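Thanks for coming. I will talk through one structure, so please keep the picture in view while I speak.

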Amino acid sequence: MVAGRVSLAVALFGPAAVAAAAGLSAQAAWEAPTDFRTSIGAAAAAACLVLAVGIAAGLERLVVWALVAICGVLAAATGLGHEGFGLAPLDAAALVLAWDAGHAAVELREPALTSRRFAVRRAGWSTALVGGALLVGWLALLPGRTNALSGAAPTLIGVLATLAALLLAVQLARRHGRHRVS
Amino acid sequence: MSALPSPRLRSAVFACAVLLLSALGLRRPELVAVAAPLGLLLVIGISRAGAPELTARAELSDLRAVESDEVELTLTLKSPAPVAQLDLRTLLPPGLEPLDDRPLGRMAISADEPCVVRRRYRCRRWGGYVLGVESALVRDRTGLFSYRPQLPARLPLRVYPAADRIRARPSPRRTQLSVGSDVARTKGDGIERAEVRPFVPGDRVRSVNWRTTARRGRPYVNEHHPERNADVVLFIDSFGDDQGWGPEPLDQVVHGAAAIAHAYLERRDRVGVVGFGGVLRWVLPAAGRVQEHRIIDSLIDTRIVSSVAWRDVDVIPSRTLPPHALVLALTPLIDTRTVAALANLRARGFDLAVIEIAPEPHLPPPADDIDRLARRLWALRREQVRARYAAVGMQVVEWRREQPVEAVLAHLREARRWSRVASR
C-alpha cells in the first residue's frame with residue numbers, strides 16, 4: 001500500500017478535468033460566430049469555473065451540472081457555428097476526460113491508503129477512456145464522411161438508437177425501483 | 001445489496017441527452033459523435049452492472065493486550081469477480097491509536113485473488129473495543145453504480161490496564177480458613193511464633209521448647225500463628241455525572257484496582273469486585289490467575305453511568321461480601337449513595353478501608369470567586385465525611401493522581417495499624 005493524499009488525487013485529476021473542460025469550451029467559443037463568441041465564451045468560462053469550484057470543494061452535484069452546462073455551451077456553439085466535423089472526436093475525448101477526471105477528483109478526495117494496483121489500474125482506465133472516446137468519435141463520423149449511409153440506413157440506425165435509449169431508461173427505472181424497495 | 005446510482009451516471013445521462021437532443025434539434029450530427037463515447041459507456045456500464053460478491057475475514061494478532069501494546073488487524077478480502085475500486089473504512093475505537101495515519105483504504109481486487117489489508121494499532125487506554133470493517137463502498141469499473149456490501153468482519157479486543165507492581169499491601173483484620181500468606185491472629189500450625197506456654201497433656205513433643213524447658217525445669221511448648229488467606233472485596237464507585245466525575249478519575253480507579261487485585265491474588269488471597277454505580281457489577285471472590293482475568297475483564301467494562309436511582313448495599317448479592325472480608329473502597333466520596341453504602345457496610349461489621357480518589361486534580365481551575373468559594377465548601381463537606389468515617393473506625397487515605405498506588409497502600413497500612421488500636 002502506498003500513502004495517497006487528497007492533494008495528489010485533486011492535483012492529478014482536478015487540473016486534468018478543468019483543462020479538458022477549458023479546452024472544450026475554448027473550442028466551442030472559437031467555433032461560434034463572432035457575434036456570439038463573447039457570450040458563448042462567458043458561458044463556457046462560467047461553466048469551467050463551476051467545475052473547478054465543485055472539484056475544489058468536493059461538491060459532486062456542481063461537477064454534474066458544470067459538465068451538463070459545458071455540453072449545452074458546446075451544442076449552442078455548434079448550432080450557431082459553421083458546419084465542420086473535424087474536431088468532434090477531440091471534443092468527445094475532452095468531454096470524456098472532463099467527465100471521468102472531474103468525478104474522480106471528487107471521489108478520490110478523501111485521504112486513503114491507496115494500493116499500488118488500484119493507482120495503476122485507475123490511471124490505465126482513464127487513459128483507455130480517452131483513447132476509446134477518440135476512436136468512438138471518429139467511428140461515429142465515419143459513415144457521414146464516406147457517404148456510406150444513405151436512404152433508409154440512417155433511419156434504421158436512428159430507430160435502433162431510440163430502442164437502445166428506451167432500453168436504457170427501462171433498466172435505470174428498474175434499478176431505481178429495486179433500490180427504493182430494498 | 002442494491003446498486004446505488006452515482007453522480008457519474010446522472011451527469012453522463014444528462015450530457016448525452018443535451019447533446020443528442022441538440023443534434024436532433026439543430027440537425028448537427030457531429031454532436032452525436034461527441035455524445036457517442038459517453039452513450040456507449042452508459043450502455044456498457046448499465047449492462048454489466050451487478051452486485052459484487054465480496055467476502056472479508058478479520059484476524060487480530062492478539063485478542064487481549066495490555067496498555068501500550070501494539071496489535072495488528074489483518075483483513076483478507078476476496079471476490080469471485082474483479083472489483084475495480086473498494087473503499088474500505090476500518091473502525092477506529094477511541095482508546096486505540098492507529099499507527100497507519102488513515103483509516104480509509106482504497107484498493108482494487110482481482111478475481112479469486114485474496115487482497116490482504118493490514119492495520120496496526122497502539123493500545124492507549126484500557127477497555128473493550130471492536131476492530132474490523134466499519135463500512136465498504138464498491139464502485140464498478142465505469143463508476144456508474146456503487147454498492148455498500150455488508151462485511152461482518154469484526155473482532156473484539158480487550159485492552160487490560162497496565163498495573164503497577166505492589167509489594168506491601170494492607171492485611172485484613174481477620175483471615176479465612178484456607179492456607180495463605182497472611183499471619184492469622186489465631187494459634188495453630190505455622191511459622192510465626194505466637195507464644196511459649198506450659199506443656200499440657202495432648203501437646204505434641206515436637207512443639208516442646210527445649211531451651212525454656214531446661215531453664216524453667218518443667219516442659220514448655222511453642223505456639224504459632226498459622227498462615228491463612230484472606231478475602232478482599234474491591235468496592236468500586238462508578239457513580240458519576242456529566243459535570244465532573246468522568247473518565248479520568250475512572251482511569252485512576254481501574255489502574256489502582258487492577259494493581260491491588262494482582263497484589264492480593266499473588267499472595268493466594270481471594271479477591272472479588274463490586275462495581276457500585278449506575279450499573280451494578282460484581283465478581284464473586286475467588287483465587288488464582290483466572291480470577292485475575294475475570295476481575296480485569298469486569299474492571300474494563302466499568303463505565304461511568306449517570307443514575308438518579310437510590311442504591312444501597314441491599315442490592316449487592318450477599319455472596320459477594322463474605323464474612324470477615326476486607327472491603328477496599330475506591331471512591332471519590334462525592335456521591336451520597338456511596339457514602340451511605342460505605343457507612344452501612346461498616347455498621348454491619350465489615351473491615352472497611354477507603355481509598356479516596358482526590359477529584360480536585362481532575363477538575364479545571366476555578367474560574368472566579370464563586371467557583372473558589374464553592375470548591376472550599378465542597379472540600380469542607382468532604383472533610384466532614386472523612387471525619388465521620390474516622391469516628392466509626394474507618395480509614396480513609398487520599399490518592400492524588402501523581403501518587404503511585406503503592407505509596408497509597410503503604411499509607412493505608414500505617415493508618416490501619418494505628419486505627420486498629422484506636423478501634424478496640
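Strand β6 of chain B, residues 96–98, is joined to strand β8 of chain B by three bridges, and the two run antiparallel. One pair to look up is E97(B), whose bridge partner in β8(B) is R122(B). Two strands count as paired if DSSP finds at least two bridges between them.

A word on the source. This is a predicted model, in which local features need pLDDT of at least 70 and side-chain atom pairs count only at pLDDT 80 or more, while totals for chains, interfaces and linings use all residues. Residues are numbered from 1 along each chain as its sequence is written, with chains lettered from A and ligands numbered from 1 in the order in which they are written.

Back to β8(B). Strand β4 of chain B, residues 70–78, pairs with β8(B) in the antiparallel sense over eight bridges. There, L75(B) has V117(B) as its bridge partner.

Which strands make up the open sheet, and in what order? There are four, in the order β2-β4-β8-β6 of chain B, with antiparallel pairing. The edge strands are β2 (55–60) and β6 of chain B, each pairing on one side only. On average, neighbouring strands of this sheet are turned by 30° against each other, direction ignored. Axes are lines fitted to C-alpha atoms, for helices over the stretch in contact, and angles run from 0 to 180 degrees between N-to-C directions.

In a regular strand the side chains alternate between the two faces of the sheet. For β8(B), residues 115–123, the covered face has C115(B), V117(B), R119(B), Y121(B) and C123(B). The uncovered face has V116(B), R118(B), R120(B) and R122(B).

Now chain B as a whole. It has eight helices and 22 strands. Its C-alpha trace spans about 135 × 60 × 35 Å along the principal axes. Of its 424 residues, 41% are buried, where buried means 20 or more other C-beta atoms within 10 Å of the residue's own, exposed means 12 or fewer, partly exposed lies in between, and C-beta atoms are placed from the backbone.

Next, the two chains together. How many residues of chain A are in contact with chain B? The count is 48 residues of chain A against 39 residues of chain B, with contact meaning C-beta atoms, placed from the backbone, within 7 Å. On the chain A side, α3(A) gives the largest share, twelve residues. By class, that side has 26 nonpolar, 14 polar and eight charged residues. Ala, Val, Leu, Ile, Met, Phe, Trp, Tyr, Cys and Pro count as nonpolar, Asp, Glu, Lys and Arg as charged, and the others, Gly among them, as polar.

T114(A) has R106(B) as its bridge partner.

Last, a helix pair. α4(A) and helix α2 of chain B, residues 30–47, pack at an angle of about 35°, with axes 8 Å apart. Residues in this contact include L95(A) and W99(A) from α4(A), and V34(B) and L38(B) from α2(B). By class, the contact has eleven nonpolar, no polar and two charged residues.

Methods
Contact = placed C-beta atoms within 7 Å.
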